[in-house]
Every structure is written in structure tokens, then in C-alpha cells.
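Please open the model in a viewer with secondary structure displayed. The stops below are meant to be followed in order.

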Amino acid sequence: MTVAIGVDVGGTRTRVMADDGESFDLPSSQWRTSLDDPRADADALSRLLVSRLGDLVSTVSLAVGAHGYDTTRQCRELEAALSASFSGPILVVNDSELMAPAMDRDGGIGLVVGTGSIATGRDEDGELLTAGGWGWALGDEGSAAGLVREATRAVLAHFDEGESVDALGRRLLDRFHARDGVELAFAVSAATSAEERGKHAREVFLAADEGSLLALSVIEQAGARLADLIALLLRRGVHTDTVVAGGAVIENQPRLSAALTSAIVDRGLPVTLQILTRAPVTGALNLARRASRPSTPNPPEQERTA
């Protein structure tokens, strides 16, 4: 019998896992109409879960990690909206907060490094704190889109210095079908989305494998910027000794995870980096299972002092 359901609402896909082993996923665009509308999200999500898992889901424990819910207020608003359709315990967190519980770690900093990047954690009052995540045009340090942006800047600076093209420059010129720095700058600037720009991030790591000092420097700097996000959260009151990092880039590019580990050590940050090896929806299910367990009441005063 299902008593807990975890949901990972990502920017691209939504994944659902029940504790009886049933699971499914689908594009988020198939059910989610817009961001920052908790009532619409709650109504659409409840219809989706009931249609796939049956009417009984309205009574189970539900935990949702939701892309776009970046403040405590937003999470609470979605919880309140969901309570109209679900009578069991309800917990809503940012989707990046699913990574630590997915790895059976409580209260860790979640660091997403994929198409975009963001670091999240909770302070001692349970307030959601974020660092980074300002989008592919302005921020998203270390992400796929961020790496291509910084690699392009490094190559263009190399051209300004009159240096010859190295492996990173050759790869970017080839991938963007550019003949020189002017055309490269135009092509990279013309990208209309993080996905369009970020799909070329692999070239940075391939160039590093070929010995490009520019590529190695870009990766090192990306690790440093990601470590800075962690340091910001620690300074703002997140108390933890664990960072769990997930996302396509950090999970699949050991050069970046090594650069991040080195930067953490160089800064003397009192945390250990763990790379996500489980689906984030597992973290949502773990949170839902925890919420479904009845809390143990404190024993009477006379029993505690006996």
C-alpha cells in the first residue's frame, strides 16, 4: 500500500516515485502551465497524480521538490494550495534540496551544476537561502551555459593579446561555425537559451584533455566560483558539513568536480563534497517517508526524571 509519494518537478521533466515501487516521468510542460502560480501548479499536479496513481494518493504523505520555488514563502504557498486536494502530510522544497536526502544526508547544501547552477541550504530557522542561479546571461557559474560563456571570453581575450588559436579556440570556432573572433562573439551572443549555448560545454573539457591551458583555467575558475557560492551560504547561516552536487555537468565531468574540491580545500571551507549518484526524486520520496512517520511524543516529566 502506498503511504508516501515523492515528486521532482524540474525545469524540463517531472519525475514521480511512490514507495510501492511505481514511478513515472514526463515533460513538465505537459502539465505545468506557468511558473510562480502555486494554485495552478497544485491543481495540475493533483490531477496528474490522481490520473496516474488513483484517488487514494490524496491521503498519502507527499513531498515535492519544485523548480522555481526559490523562497520559503513560495514553498509554503504551494503547500497551502496542495492541502486543498491532499489530506496527508505535505512538504514543498526547492528541487535542488532533493539531492542531500537522495544521498541519505540531512541538512546539506544542494549544488546544482547542469544547464544552469544554483546553491541552496536552510538556516537554523528553516529559511531557504540561495546563492547564484541568476540565469545564463548574468550568472549560473560553472554551468554548461556559464562554461561556454567564460570559455568564449577567454578565447576572445587571447585574440586581443595577439596569441595564436589553441585547442579551446579551435573547438569553439568549429562548433559555432565561426572564422574569427568577431564571428565567434556574434554567434555565442546570438544564442537564445541556456540550452542552445550550453550544449557546447563538452568542448571545454575536450580542449582541456588536449592540453589547452585556457580550457584548464576556465574549469579551475568555474570550480572557484562554485566554491564561492558554498562559502556565501555558510556565511549566511547554513550550518552543515556536507555539500551534495548534482546535474549533468558536475556528475559527468570529473575535471570540474576536482576543481571544486580543490577550491573548497583552498578556501578552508568545513564541508565535504559528495557527487549525486541517485535520482533526485529519491530524495523527495525519502522526505515524504519521513513526514509520514508519526512523531514520538515526549514522555511525561515524571518518566523523564525517574
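The model is predicted, so local features need pLDDT of at least 70 and side-chain atom pairs count only at pLDDT 80 or more, while totals for chains, interfaces and linings use all residues. Residues are numbered from 1 along each chain as its sequence is written, and side-chain values use heavy atoms, with hydrogens and water left out.

**The sheet.** Select the 5 strands, which form an open sheet of mixed pairing in the order β3-β2-β1-β4-β5. Strands here are DSSP runs of E with at least two residues, helices are runs of H or I with at least four, and both are numbered from the N terminus; two strands pair if DSSP finds at least two bridges between them. At the edges lie β3 (23–27) and β5 (90–94), each pairing on one side only. From one strand to the next, the twist averages 10 degrees.

**A parallel pair.** Next, select residues 4–9 (β1) and 61–66 (β4), which pair in the parallel sense over 6 bridges. Opposite A4 stands S61 in β4.

**Helices on the sheet.** Select α1 (residues 38–53), which packs on the sheet and touches β1, β2 (13–18), β3 and β4; contact means heavy atoms within 4.5 Å. The direction of α1 makes about 135 degrees with that of β3; axes are lines fitted to C-alpha atoms, for helices over the stretch in contact, and angles run from 0 to 180 degrees between N-to-C directions. Then select α12 (residues 280–292), which packs on the sheet against β1, β2, β4 and β5, its direction making about 145 degrees with that of β1.

**A glutamate.** Finally, select E203 in helix α8 (residues 202–209). Is E203 buried or exposed? E203 is buried, with a relative accessible area of 8%; buried means under 20%, exposed over 50% and partly exposed in between, with a 1.4 Å probe and protein chains only. Leaving aside neighbours within four places in sequence, E203 is in contact with L168, R171 and R175.
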